[in-house]
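Dear colleague,

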Amino acid sequence: MKIVVVGGGIIGLFTAFYLKREGVDVVVVEQGEVGGWSRAAAGILEFTRFVINRINVRSYPRKYLSMMLRGDARIKTWDWRWISTYLKVWGKEPPQEMWEAIKALGDFSQRQYRALAEAKNDFDYSEEPLYEVGIDVEKALEEARRDPLSPRVESATCCGREALAYLDAAKLATDMFIERMMRELEGVQFVNKKAQEVAGREVWLEGGDVIQGDAVVVAAGYWARKLGIPVAPFKGYGFRTKAKAEKMFIEMSKGVAVVPLSRWTKVTGRFDLDGTEDHGPAQKVLERARQTLGDFEVVDMVVGYRPCTPDGFPVVDRIGNVTVVTGACRLGWTYGPALGKLAADLALGKGGLEVLSMARFRR
Ligand SMILES: Cc1cc2nc3c(=O)[nH]c(=O)nc-3n(C[C@H](O)[C@H](O)[C@H](O)COP(=O)(O)OP(=O)(O)OC[C@H]3O[C@@H](n4cnc5c(N)ncnc54)[C@H](O)[C@@H]3O)c2cc1C
């Protein structure tokens, strides 16, 4: 059996990983470097902290507007279908079964990362607290008590300030993990081309070539909007730096995450609704980070586009013959293993999770 996976980001790679385990002949079509836009991520795994993906809660538009007024976010890409779906789901709470699904996805993903690290920790995997600074800690503790995923949190200090310590977190080096995946995926064929169209079991590539499989999985981030999925590109920037930091933390008021790793410190930020190639605000991330960390050397930068659905929950579904997996938003690394497994199962004709299907946006 041959399955074509469009998109070699973290979820496409995990999809290929599980398909390969089932003995499938896998072809991954990736327009850029393997690991693609996912490489930009901070690499923080927050298995029970789904709250950061909840962009349709009532308070969010005001929060986003104040970020825009401060110059910490901007909107350049308007997708009217996404906006109308957003208005439809704004303020709506997900059903209990959605929380159960997310909890199971988090548990599965954590077990998978642990198993990979236990076999060989060549990607800086470490389970340690994530500190959130620049927030109202009392309020955050209260919110965590009401959170359906029951995250383990406590008050703490970080960087000389009051902080919320989130205890179910882990971290990894995204670049090193992608290299590990490439070793795991030995034997998988990678095609470095842009897919133009997906039709039935065929993928039409830029330049006119066509790849045919027994099934197709689209794991191409926000490109899935081509298939009618409401998913928008929330752009962010990831820098490998020589900054000095002892703990992994997020400076919430500045929207900057800092992750110390063995070879560099990852600094990431911005949440711009922007699918363009204009990367002007990238320097703002460094400006904001330097306000906390002081001056530091930058090694390189990668741009990423968080694929976000209007309710912040992922979509894993079948559209005709095509399996689509997208919409992990800020948590694609966290849930990558589980979403890849679900997509692989769906492509192999096994059942999916109704609650993650597109049907929720049609109701
Ligand atoms: C700055 C930043 C920090 C982040 N930090 C974290 C974090 O700490 N923890 C966490 O869990 N998540 C984090 N995220 C979110 C996470 O990176 C995303 O949720 C994740 O990358 C989504 O993975 P994906 O595989 O669905 O899509 P993508 O990462 O968008 O990958 C899609 C891939 O498909 C390719 N592609 C697209 N269209 C085509 C086409 N037509 N033909 C061929 N290939 C195509 C792209 O080149 C890309 O490589 C962060 C994101 C950003 C931007």
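This is a predicted model, in which local features need pLDDT of at least 70, side-chain atom pairs count only at pLDDT 80 or more, and totals for chains, interfaces and linings use all residues. Residues are numbered from 1 along each chain as its sequence is written, and side-chain values use heavy atoms, with hydrogens and water left out.

A nitrogen atom of the ligand lies 2.8 Å from a polar backbone atom of alanine 195, a polar contact (a pair of N or O atoms within 3.5 Å; within protein, one must be able to donate a hydrogen and the other to accept it, and residues adjacent in sequence count only if both atoms are side-chain atoms). The side chain of serine 38 places an N or O atom 2.5 Å from an oxygen atom of the ligand. For threonine 334, a backbone N or O atom is 2.8 Å from a ligand oxygen atom. The protein covers 97% of the 1,000 Å² of accessible area that the ligand has on its own (Shrake-Rupley method, 1.4 Å probe).

Turning to the helices, the axes of α4 (residues 96–119) and α6 (residues 174–184) come within 13 Å and cross at roughly 80 degrees (lines fitted to C-alpha atoms over the stretch in contact; angles from 0 to 180 degrees between N-to-C directions). α4 is therefore roughly perpendicular to α6 (65 to 115 degrees; under 35 is roughly parallel, over 145 roughly antiparallel, the rest oblique). Tyr113, Leu116 and Ala119 of α4 make the contact with Phe177, Arg180 and Glu184 of α6 (heavy atoms within 4.5 Å).

The axes of α1 and α4 come within 14 Å and cross at roughly 75 degrees. Here Phe14, Phe17, Tyr18 and Arg21 of α1 meet Phe108, Gln112, Tyr113 and Leu116 of α4.

Yours sincerely

Conventions: Helix = DSSP H or I, 4+ residues; strand = E, 2+ residues; numbered from the N terminus.
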